[in-house]
Amino acid sequence: MTLRLGDTVPDFTQDSTDGSISFHEWIGDSWAILFSHPKDFTPVCTTELGEVAKLKPEFEKRNVKPIALSVDDVASHNGWVGDIEETQNAKLNYPILADADKKVSELYGMIHPNSSTGNTLTVRSVFIIDPNKKLRLTLTYPASTGRNFDELLRVIDSLQLTDDYSVATPANWKDGQDCVIVPSVSNEEAKTKFPKGFTPIKPYLRMTPQPNK
């Protein structure tokens, strides 16, 4: 299955370290970040799971629920959790889906069709999902590269900002920096919408202070 940005993500019911999870119901009116792993007891993934546990307050501030997935069963996950907590100095505070049957991995297109039989190394994806269950971002990483969760938080900040205001965020934008007024807003409309003012650089490129700061 090929998921595209804006698609409603597939619903599923799957076991996890927190019991059975019906995904759409679990998301509720929150955002969600689903990040997947090829198998338990892998070094890079161990650091990632610990990092997300440490960042849980940052996700909560943004109304985001993190959930991991690994292509092993709950018993294996529970053993791995002990290692994660020991080595990363972080209490695991979110669920890990057990995808031993690869149901979710296949639903979300995480396993490349050209991967060899039994090879789950392509299961290294991230999905950011909004409260309407729409896919807003997807990234797939190689097994050797740990994910940058500061970047994922930055993307969530941008998505939530641009959902609420008629702006986009420029290259390397961080929360609190100037934004771009979208082209569909005329200069006359911009005077009302953006009381802090705006700077026209080109007719199509107008910068304004971040509206919600």
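Analyst: In this predicted model, Ile-128 stands opposite Leu-137 of strand 7. That pair belongs to the antiparallel pairing of strand 6 with strand 7 (residues 135-140), which extends over five bridges. The two strands form a hairpin with five residues between them. Within the turn, Lys-133 has a positive phi of about 70 degrees.

Strand 3 (residues 31-37) runs antiparallel to strand 6 and is joined to it by four bridges. On this side, Phe-35 has Val-126 of strand 6 as its bridge partner.

The burial of strand 6 may be read face by face. Ser-125, Phe-127 and Ile-129 lie on one side, Val-126 and Ile-128 lie on the other, and all of them are buried. Both faces are thus covered, and the count for the strand is five buried residues of five. Ile-128, the residue opposite Leu-137, and Val-126, the bridge partner of Phe-35, are both on the face that holds two of the listed residues.

His-37, which falls within the range of strand 3 (residues 31-37), is one of the residues in contact with Trp-80. Trp-80 is found in helix 4. Because its relative accessible area is 0%, and buried means under 20%, Trp-80 counts as buried. Beyond its neighbours within four places in sequence, its contacts also include Lys-39, Asp-40, Phe-41, Thr-42 and Ser-70. Thr-42 is 38 residues away from Trp-80 along the chain, yet their C-alpha atoms are separated by 9.1 Å.

Trp-80 also takes part in the contact between two helices. Cys-45, Thr-46, Thr-47, Leu-49, Gly-50 and Lys-54 of helix 2 meet Trp-80, Ile-84, Thr-87 and Gln-88 of helix 4. By class, the residues of this contact comprise four nonpolar, five polar and one charged. One specific link is a polar contact of 2.9 Å between the side chains of Trp-80 and Thr-46. As for the geometry, the axes of helix 2 (residues 43-54) and helix 4 (residues 74-88) come within 9 Å and cross at roughly 70 degrees. Helix 2 is therefore roughly perpendicular to helix 4.

Four strands form an open sheet in the order 8-9-11-10, with antiparallel pairing. Strand 8 (167-168) and strand 10 (199-202) are at the edges; each has a single partner strand, so one side of each is left without a neighbour in the sheet. Strand 9 (residues 179-181) pairs with strand 11 in the antiparallel sense over two bridges, and Val-180 has Met-207 of strand 11 as its bridge partner.

The segment after strand 11 (205-208) contains Gln-210. Gln-210 counts as buried because its relative accessibility is 2%. Its side chain and that of Asp-175 are joined by a polar contact of 2.8 Å. Setting aside residues up to four places away in sequence, Gln-210 touches Asp-175 and several others, among them Leu-161, Trp-173, Lys-174, Gly-176, Gln-177, Asp-178 and Lys-196. Cys-179 is also touched by Gln-210, and this cysteine lies in the range of strand 9 (residues 179-181).

Terms used. Residues numbered from 1 in each chain as written. Predicted model: local features only at pLDDT ≥ 70, side-chain atom pairs only at ≥ 80, totals over all residues. Heavy atoms only, no water. Buried < 20%, exposed > 50% of the residue type's maximum accessible area, 1.4 Å probe, protein only. Polar contact = N/O pair within 3.5 Å; in protein donor to acceptor, adjacent residues only side chain to side chain. Contact = heavy atoms within 4.5 Å. Pairing = 2+ DSSP bridges. Axes fitted to C-alpha atoms, helices over the stretch in contact; angles between N-to-C directions. Parallel < 35°, antiparallel > 145°, perpendicular 65-115°, else oblique. Nonpolar A, V, L, I, M, F, W, Y, C, P; charged D, E, K, R; others polar.
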